[in-house]
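Please look over the model below before reading on. The text then takes a few of its elements in turn.

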Amino acid sequence: MPATAAAKIPPEERLVNLVVALIATDQGLTKDTILTSVAGYREQSEAGASKDALEKMFERDKESLRGLGVPIETIGDWADPDDLREARYRVPTAEYELPEDIEFTPAELALLTLAGGVWSESSLSDDARSGLRKIRALGDLVDEPIIGFSPRLSMHDPAFPALQQAIEQSRVVTFPYLKPGEEAPRTRRVQPLALVEYEGRWHVFGVDLDVRADRTFLLARIVGPVAVTRSSFDPALREGAGERALAGLEEVAARNSALLEVNPGTEAALRLARRAQPAEQGIRVPYVDAHIFADELASYGPEVRVVEPADLRDRVIDRLAATRELHGGAMTTGSPS
């Protein structure tokens with residue numbers, strides 16, 4: 001009987017399914033169990049994908065999740081911890097448990113309940129329920145439901161699924177890319193090696209074939225469909241690509257920083273504090289892209305003021321002025337200077 005075509009499960013959905021399965025088990029799941037039980041792998045296995053291809057997919061997914069801050073623990077043989085042939089994998093639930101002494105006000109509980117309700121409808125999908133039933137059948141009891149668990153994944157960029165597919169298949173892609181200051185997008189031919197999240201935004205790292213050099217592209221600047229071509233490249237190029245991409249972005253951020261004054265207790269203070277260092281006049285925040293950072297700062301309105309650098313301050317002022325003109329001059333904002 002010929003193999004059936006695998007159901008099309010988006011890569012990001014497969015990652016969420018993997019996290020749900022690994023967080024729902026205390027004993028851990030073997031690689032074979034994951035590849036035959038977790039949605040996204042199971043369909044590929046049933047369609048006749050080779051075990052070697054599935055294992056490589058699993059290894060890449062593990063690397064992606066660890067890069068996103070999901071702690072995947074590997075449990076070896078108790079008698080020989082270095083023997084990983086029958087290793088089990090899990091996400092330690094302690095990483096997501098709240099301290100026993102934490103308390104919430106009624107208003108905070110109401111907001112958390114509302115947010116949890118929105119997520120629970122997707123976290124307990126049919127695949128998630130099926131996965132939990134299979135895990136329980138294996139004897140790995142789930143003491144508490146996974147309603148409310150929200151992995152830190154945001155896949156709103158339309159280019160993400162096609163790029164993830166191309167990375168898995170080691171295929172060259174083309175896409176229209178619009179840089180700031182250019183009037184029209186240029187088509188880029190890229191060997192995509194890794195997708196990385198930095199400062200809350202997704203980037204694709206790879207080899208730009210037109211210049212024969214490593215480049216990092218912001219997904220938000222891909223302004224048209226990503227075409228996955230038939231041209232392939234050596235999968236070995238993907239090894240360590242995510243680490244190289246993040247290191248490059250961190251180097252850029254280390255060379256660029258803004259001195260900001262932020263109103264305490266505001267959304268700007270909450271969001272910027274996570275990546276800021278205290279300064280004598282306010283806070284200093286590193287950034288990779290002045291245009292993107294100016295968009296973010298302008299969105300806070302009067303909550304933040306740019307002290308330096310001057311070119312970043314000018315960009316924020318331009319964006320606030322454009323917003324005021326768009327609203328017929330009726331908008332009132334504080335000066336960012």
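The model is predicted.

Helix H4 covers residues 51-67. Just after H4, Gly-69 adopts a positive phi of about 95 degrees.

Which residues of H4 are buried? They are Leu-54, Met-57, Phe-58, Arg-60, Asp-61, Lys-62 and Leu-65, a list that includes the charged residues Arg-60, Asp-61 and Lys-62. These buried residues pack against helix H1 (11-23), helix H2 (31-37), helix H3 (42-46), strand E3 (88-90) and helix H7 (160-169).

The axes of H1 and H4 come within 11 Å and cross at roughly 80 degrees, so H1 is roughly perpendicular to H4. On the H1 side the contact involves Arg-14, Leu-15, Leu-18 and Val-19, and on the H4 side Met-57, Phe-58, Asp-61 and Leu-65. Sorted by class, the contact of H1 with H4 holds 6 nonpolar, no polar and 2 charged residues.

Helix H10 (residues 290-299) and helix H11 (residues 310-326) have axes that come within 9 Å and cross at roughly 55 degrees. H10 is therefore oblique to H11. The crossing of H10 and H11 is right-handed. H10 contributes Ala-290, His-291, Phe-293, Ala-294, Asp-295, Leu-297 and Ala-298 to the contact, while H11 contributes Leu-312, Arg-315, Val-316, Arg-319 and Leu-320. The residues of this contact of H10 with H11 comprise 8 nonpolar, 1 polar and 3 charged.

Two loop positions remain. Ser-170 sits in the loop between H7 and strand E4 (171-177). Is Ser-170 buried or exposed? Its relative accessibility is 3%, so Ser-170 counts as buried, the cut-off for burial being under 20%. Apart from its neighbours within four places in sequence, Ser-170 is in contact with Ser-231, Ser-232, Phe-233, Pro-235 and Arg-238.

Arg-212 belongs to the loop between strand E6 (201-208) and strand E7 (213-218). Because its relative accessibility is 66%, Arg-212 counts as exposed, the cut-off for exposure being over 50%. The C-alpha atoms of Arg-212 and Val-190 are separated by 9.4 Å, and the two residues are 22 residues apart along the chain.

Key
Residues are numbered from 1 along each chain as its sequence is written. This is a predicted model: local features need pLDDT of at least 70, side-chain atom pairs count only at pLDDT 80 or more; totals for chains, interfaces and linings use all residues. Side-chain values use heavy atoms; hydrogens and water are left out. Axes are lines fitted to C-alpha atoms, for helices over the stretch in contact, and angles run from 0 to 180 degrees between N-to-C directions. Helices (H or I, at least four residues) and strands (E, at least two) are DSSP runs, numbered from the N terminus. Angles under 35 degrees count as roughly parallel, over 145 as roughly antiparallel, 65 to 115 as roughly perpendicular and the rest as oblique. A crossing is left-handed if the near helix is turned anticlockwise from the far one by less than a right angle, and right-handed if clockwise. Contact means heavy atoms within 4.5 Å. The expected span of a helix is 1.5 Å times one less than its number of residues. Buried means under 20% relative accessible area, exposed over 50%, partly exposed in between (1.4 Å probe, protein chains only).
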